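Please open the structure in your viewer and keep the selection tool at hand.

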Amino acid sequence: MEKYSVNELRRMFLDYFEQNGHLVMKSFSLVPHNDKSLLLINAGMAPLKPYFTGAEIPPRRRVATCQKCIRTGDIDNVGKTARHGTFFEMLGNFSFGDYFKREAIGWTWEFLTKVVGLDAERLYPSVYLDDDEAFDIWNKEIGVPKERIYRFGKEDNFWEHGAGPCGPCSEVYYDRGEKYGCGKPDCAPGCDCDRYMEIWNNVFTQFENDGKGNYTTLKQKNIDTGMGLERLAVAVQDVDSMFDIDTIRALRDRVAQIAGKEYGKDHENDVSIRVITDHIRSATFMISDGITPSNAERGYVLRRLIRRAARHGRRLGIDGSFLADLSATVIETSKDGYPELAEKAAFIHEVLEREEETFGRTIDQGLTILSALTEKMRAEGKTVLDGAKAFELYDTYGFPLDLTSDILAEQGFTVDEAQYKACMQEQKERARSARKTQNYMGAAATVYDEIDPSVTTIFSGYETLADSGKILVLTTKVDEEEYGEIVDSLAEGDEGTIVTDRTPFYATMGGQVGDTGTIRTQDGAFAVRETIALRGGRVGHRGVVSEGVIRTGEEAKLSVSSARSDIAKNHSATHLLQKALRLTLGDHVEQKGSYVDAERLRFDFVHFKPMTAEEIAKVEKLVNDAILQALPVRTDIMSLEEAKKTGAMALFGEKYGETVRVVRMGDFSTELCGGTHVANTADIMTFKILSESGIAAGVRRIEALSGMGVLRHYEDMEKVFRTAAGLLKASSNDLGEKIEKLLADNRAQRNEIEALKAKIAQMSLGDPAEGAEEVNGVKVLAMAVEGADMNGLRSLSDELRTKMGESYIILASASDGKVNLVAAATDGAVKRGAHAGNLIRVCAKAVGGGGGGRPNMAQAGGKDPSKIGEAVALAKEEAKKQLS
């Protein structure tokens with residue numbers, strides 16, 4: 001058998017499946033796209049989940065990939081054994097409702113035996129315990145003897161993850177020979193030793209699990225194949241472990257060379273060499289996908305890998321930075337399959353150098369302190385490091401908990417992780433509290449406060465909606481919960497902020513909402529969701545990377561969305577509105593606030609009573625007249641003193657600089673304003689006031705529309721109008737008359753219904769005196785009435801009191817699934833102790849309700865009509881108790 005290289009095996013696999021009708025797709029980024037369930041891509045099928053679930057249509061029903069993956073679940077074991085690693089490449093062929101078991105198993109066998117040339121006698125398939133179909137394909141069609149096909153249970157050969165698609169697996173084990181075995185007589189595929197290595201796994205997704213252990217057969221059956229490229233190379237090249245295959249061996253040897261050590265001579269040195277070899281592979285690939293070191297999520301995983309590798313470098317006696325040097329070997333050995341590594345080489349080198357230097361400044365001091373702590377523990381006979389001390393190492397010297405744990409474990413110590421986590425939580429709580437007043441402006445402190453004060457942004461958006469600029473600063477997401485972090489890059493799906501040296505984007509200010517749009521670089525695109533003003537004249541573009549990677553220092557093209565046009569119309573309309581209000585209501589009108597976006601405008605102003613309909617109509621007409629006059633809109637920049645001489649209106653309490661922008665709309669309106677506006681009032685098209693209301697003492701608010709917003713409003717109104725006319729079978733001329741008649745008829749019918757209900761209820765009572773019981777000279781009547789509402793019960797109780805003389809009446813009825821209760825007492829009954837309000841509270845509880853009232857009249861409601869009998873009995877007993 002020829003000992004193919006890793007790069008050759010990758011190409012052979014992809015070429016083979018391309019020849020068998022598969023679309024070969026390049027590896028997806030390690031950063032999951034629209035998948036918040038994963039921090040990093042950890043399997044070949046992970047990026048293809050939308051195709052398996054049906055959320056997206058695959059480009060072809062047959063796909064093959066070689067996917068870069070990261071798994072850090074067993075990071076503590078990396079280096080300690082030659083089995084474990086955090087980075088690997090997963091070869092996969094996938095079927096989305098196309099071929100199934102027969103083809104998948106056939107191609108598995110053909111590729112391994114015919115293409116790669118593995119000895120068929122050393123291959124052992126396994127199937128799920130009950131999967132006779134797969135067993136028969138292996139045995140009867142492929143020709144593998146029954147005794148070499150193993151059946152395993154659900155734990156080993158059935159893939160499922162909670163509710164959803166699932167199915168049996170069929171794995172292929174390769175016998176590496178007795179020298180890798182455990183020597184036990186029962187050693188066979190599935191043994192924990194290194195002899196039988198699983199190299200291929202076919203998952204037959206054919207069932208749907210409802211989450212309760214019930215399975216139904218899927219209409220669309222899928223194939224999900226996974227084969228670790230490194231494992232295949234171990235088998236093909238007949239080497240001990242993945243650290244001995246050609247590409248990784250070259251990197252391993254380079255680590256040993258830098259350290260001046262020989263691999264295979266000393267166990268402790270070998271552990272460190274393997275840790276560095278593995279971690280620099282992961283770090284190089286992660287950085288190439290735009291991930292940069294930070295203290296959260298993917299950035300923290302990367303930082304942990306880099307710092308772990310750097311620490312093991314020191315254990316080997318390596319002086320200074322060395323990881324950037326090693327990344328060059330990773331790139332050289334892997335660029336055949338991942339050409340983007342060579343394209344990003346400079347960026348990868350820079351990130352690694354910077355992170356290693358940062359860690360280098362604190363690690364020596366941290367190691368010294370940790371050494372002193374361990375000496376003290378030995379002297380005191382302790383084996384567990386105080387969690388607060390471990391947290392101090394992290395907080396002050398950048399030592400992650402796992403690094404401290406690693407160093408302690410090497411000396412037979414552990415750390416109190418529970419106390420460490422408690423300290424971490426305390427710090428987070430303090431940070432949340434401090435953020436409310438942390439920066440010198442009294443606002444919540446964020447990473448924006450850390451931006452170099454020399455960074456500033458030139459706004460070009462008065463003249464253009466598209467411009468070019470250089471990316472000066474990138475930060476991760478910043479909000480009430482997230483402080484944020486300055487980073488070198490943002491990858492697809494990352495939320496963050498971009499600061500550039502120039503921008504046409506208007507930042508939210510003066511009541512005008514910030515622009516939205518797109519920022520594009522050579523390698524990525526960023527969807528701007530909002531634009532904010534930062535201190536020092538900086539403009540922050542907040543949003544999400546929609547594709548590729550965005551990096552600091554790159555040139556970018558910035559394009560404002562078409563929404564700016566509608567924002568400008570609404571903003572200019574507010575200037576006309578303020579003038580119209582002053583002309584209509586008086587010069588006391590002052591702006592107290594405003595908000596304009598692409599949809600509508602809001603204007604708050606000083607006025608001391610609601611506007612009349614006539615005043616609203618007059619203001620609206622004045623604004624529309626100014627629009628129809630097509631007044632030119634002119635902006636001049638001048639000193640504040642000069643602006644005041646022009647009569648320009650300023651926002652009360654606003655702080656202005658030495659120079660201001662004066663916006664004139666013909667001779668109608670002149671205001672100080674830094675916002676964006678139309679070129680001519682005719683561009684506004686039209687104006688409509690939607691509402692006028694009070695929001696505080698002496699402050700009124702108008703909400704209005706302009707431009708296409710008005711037309712859309714009228715379209716909506718017309719739809720409502722037509723629907724109403726159609727329902728009433730009326731024309732536009734007599735719709736009002738028809739509605740008035742309908743309301744009048746409705747009132748008359750309601751009164752008639754109430755009268756009939758009262759009459760029916762009275763008739764159902766028969767002779768009420770027969771059911772009454774006299775107590776202390778007062779007739780007590782408690783009974784249920786059929787189908788009466790609250791008004792009916794009140795009317796009936798009044799009639800009964802008149803008929804029966806001194807009396808205490810309690811009536812209950814079910815109506816529309818609810819219970820109505822009324823209690824009424826004559827003046828004489830009240831003098832003898834009756835209290836309808838107290839009584840109604842007692843019986844209302846029985847029907848799941850509540851109520852109250854005066855001594856002579858009370859009412860209540862309830863939810864349970866089935867308990868009316870119980871409520872009536874309680875009421876009667878309570879009434880007798882009050883009167884006795």
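Predicted model: local features only at pLDDT ≥ 70, side-chain atom pairs only at ≥ 80, totals over all residues.

Arg11 and Asp336 form a salt bridge, and their closest N and O atoms are 2.6 Å apart. The two residues come from distant parts of the chain: Arg11 belongs to helix H1, whereas Asp336 sits in the loop between helix H10 (323-334) and helix H11 (340-343), a separation of 325 residues. Asp336 is likewise partly exposed, at a relative accessible area of 42%.

Now move to Arg10 and select Glu89 with it. Their side chains meet in a salt bridge of 2.9 Å, N to O. This pair also links distant parts of the chain, with Arg10 in helix H1 (residues 6-19) and Glu89 in strand E3 (residues 87-96), 79 residues apart. Are these two residues buried or exposed? Both Arg10 and Glu89 are buried.

Display Arg10, Arg11, Glu89 and Asp336 together: salt bridges that share partners join these residues into one network.

For the last stop, select Arg195 and Asp175. A salt bridge connects them, the closest N and O atoms being 2.8 Å apart. Asp175 is in strand E7 (164-175), and Arg195 lies in the loop between strand E7 and strand E8 (196-209), 20 residues away. Both Arg195 and Asp175 are buried.

To continue the tour, display the salt bridges of the whole structure, which number 53.

Key: Residues numbered from 1 in each chain as written. Heavy atoms only, no water. Salt bridge = Lys/Arg side-chain N within 4 Å of Asp/Glu carboxyl O. Helix = DSSP H or I, 4+ residues; strand = E, 2+ residues; numbered from the N terminus. Buried < 20%, exposed > 50% of the residue type's maximum accessible area, 1.4 Å probe, protein only.
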